[in-house]
Amino acid sequence: MPLVNSKELFKKAYDGGYAIGAFNCNNMEIVQAITEAAQECKSPVILQVSAGARKYAKPCYLKHLVEAACEDTDIPIVLHLDHGADFEICKDCIDGGFTSVMIDASSKSFEENIALTKKVVEYAHAHKPYVTVEAELGTLAGIEDDVKVEHGAESYTKPEDVEEFVRRTGCDSLAIAIGTSHGAYKFRPEQCTRDPKTGILLPPPLRFDILEEVSKRLPGFPIVLHGSSSVNQEYVKIINDHGGKLVDAVGVPESQLRQAARLAVCKINIDSDLRLAMTAGIREHMEAHPDHFDPRQYVGDGRKYVKDLVKHKITEVLGSDGKAE
Ligand code: G3H
Ligand code: 13P
Ligand code: ZN
């Protein structure tokens with residue numbers, strides 16, 4: 001099936017009370033793991049590519065990997081630019097066949113964010129076929145490529161800004177900041193309580209009050225959540241039991257993401273959880289088979305772990321299984 005943009009998928013997700021998973025991909029095994037999982041769950045899926053992924057794998061390799069995934073499956077797949085920093089990268093991706101882009105001008109002033117987002121929207125919507133545009137208001141803590149926002153320097157989305165922003169930019173979806181952040185260390189230990197039995201950190205709840213206020217002001221409009229890995233502790237344990245050292249890694253509980261997916265959130269971004277699953281599979285394999293040196297053996301196990309994780313997300317968190325039609 002050829003690539004699709006996110007317009008129809010988000011409309012169905014909004015009405016159906018589920019979300020589409022947007023998974024970051026950097027290599028062949030990750031593309032295969034995500035799309036095979038989505039195919040087996042009969043779920044639409046978003047493959048997203050960051051500037052870092054383009055640098056690592058080269059745009060032409062990623063493009064052809066995604067084309068191969070379309071040939072190998074019959075589910076709707078969106079190819080999306082994650083965190084486009086300027087007009088040029090968005091244009092390059094639109095010209096190169098992406099069906100959706102994000103322009104992330106969230107670190108700029110409100111007026112500058114509007115001006116840049118509008119410029120990208122005008123270009124993307126004039127493109128044939130129509131390319132959907134995600135924008136962002138509010139800033140998340142964490143690391144995206146070379147930009148690091150310290151905990152404490154992040155800012156929640158102001159609901160009173162969203163109507164004017166969407167009206168003036170014409171964007172198709174909006175990423176908001178309600179307490180998630182990028183990476184595997186989403187909350188500082190002092191923001192959490194610690195389970196006395198396991199020693200595991202329990203994070204503070206997301207700001208559902210902001211999400212609800214935003215969706216009241218933008219009825220029917222698709223909302224996006226970045227930084228939505230849950231940092232599943234089973235993978236952290238496998239990594240740590242096999243020579244890794246991830247201390248106090250903590251994510252967003254899956255129950256809260258499920259709740260967000262039932263509301264206006266139509267796209268949930270997951271990257272760190274894939275990285276953890278891949279690392280867990282490879283570390284476990286390496287320790288169990290110190291004599292192996294064929295990458296297909298250990299990377300193959302990493303791919304299997306990522307595929308299992310994506311199936312789990314689709315069925316237990318996003319609720320998009322069976323929605324491919
Ligand atoms: O939002 C950030 C994503 O996890 C992408 O990460 O820039 O290291 O590829 P990356
Ligand atoms: P995580 O680091 O929580 O996986 O977030 C990924 C993301 O938001 C990509 O844009
Ligand atoms: Zn993000």
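**Ground rules.** I number residues from 1 along each chain as its sequence is written, and I letter chains from A and number ligands from 1 in the order in which they are written. Since I am working with a predicted model, I take local features only at pLDDT of at least 70 and side-chain atom pairs only at pLDDT 80 or more, while totals for chains, interfaces and linings use all residues.

I looked up the strand order first. Eight strands close into a barrel, running 1-2-3-4-5-8-11-12 with parallel pairing. On average, neighbouring strands of this sheet are turned by 25 degrees against each other, direction ignored. For my own reference, helices (H or I, at least four residues) and strands (E, at least two) are DSSP runs numbered from the N terminus. Two strands pair if DSSP finds at least two bridges between them. Axes are lines fitted to C-alpha atoms, for helices over the stretch in contact, and angles run from 0 to 180 degrees between N-to-C directions.

**Strands 4 and 5.** I found three bridges between strand 4 and strand 5, in the parallel sense. Ser-100 has Thr-132 of strand 5 as its bridge partner. Helix 6 packs on the sheet here, touching strand 4 and strand 5, and its direction makes about 165 degrees with that of strand 4. Helix 7 also packs on the sheet, against strand 5 and strand 8 (173-176), at about 150 degrees to the direction of strand 5.

Buried means 20 or more other C-beta atoms within 10 Å of the residue's own, exposed means 12 or fewer, and partly exposed is in between, with C-beta atoms placed from the backbone.

**Strand 12.** Why do I call strand 12 largely enclosed by the rest of the structure? Because six of its six residues are buried. Four bridges join it to strand 1 (residues 20-24), in parallel, with Ala-22 partnered to Asn-269. Another three bridges tie strand 12 to strand 11 (residues 223-225), also parallel, and there Val-224 stands opposite Lys-267.

**Helix 11.** I noted that its buried residues include Ser-272, Leu-276, Met-278 and Arg-283. They pack against strand 1, helix 2 (28-40), helix 9, strand 12 and helix 12 (295-318).

**Ligand 2.** Which residues are closest to ligand 2? I get His-226, Ser-229, Asn-269, Asp-271 and Ser-272, out of 14 that surround it (C-beta atom, placed from the backbone, within 6 Å). Strand 3 (77-84), strand 12 (265-270) and helix 11 (272-288) each supply at least two residues of the shell. I sorted the shell into one nonpolar, 10 polar and three charged. Ala, Val, Leu, Ile, Met, Phe, Trp, Tyr, Cys and Pro count as nonpolar, Asp, Glu, Lys and Arg as charged, and the others, Gly among them, as polar.

**Gly-251.** I located Gly-251 in the loop between helix 9 (233-241) and helix 10 (254-262). Gly-251 is buried, with 27 other C-beta atoms within 10 Å. Leaving aside neighbours within four places in sequence, its contacts are Ala-184, Lys-186, Ser-229, Ser-230 and Val-231.

Note on methods:
Contact = placed C-beta atoms within 7 Å.
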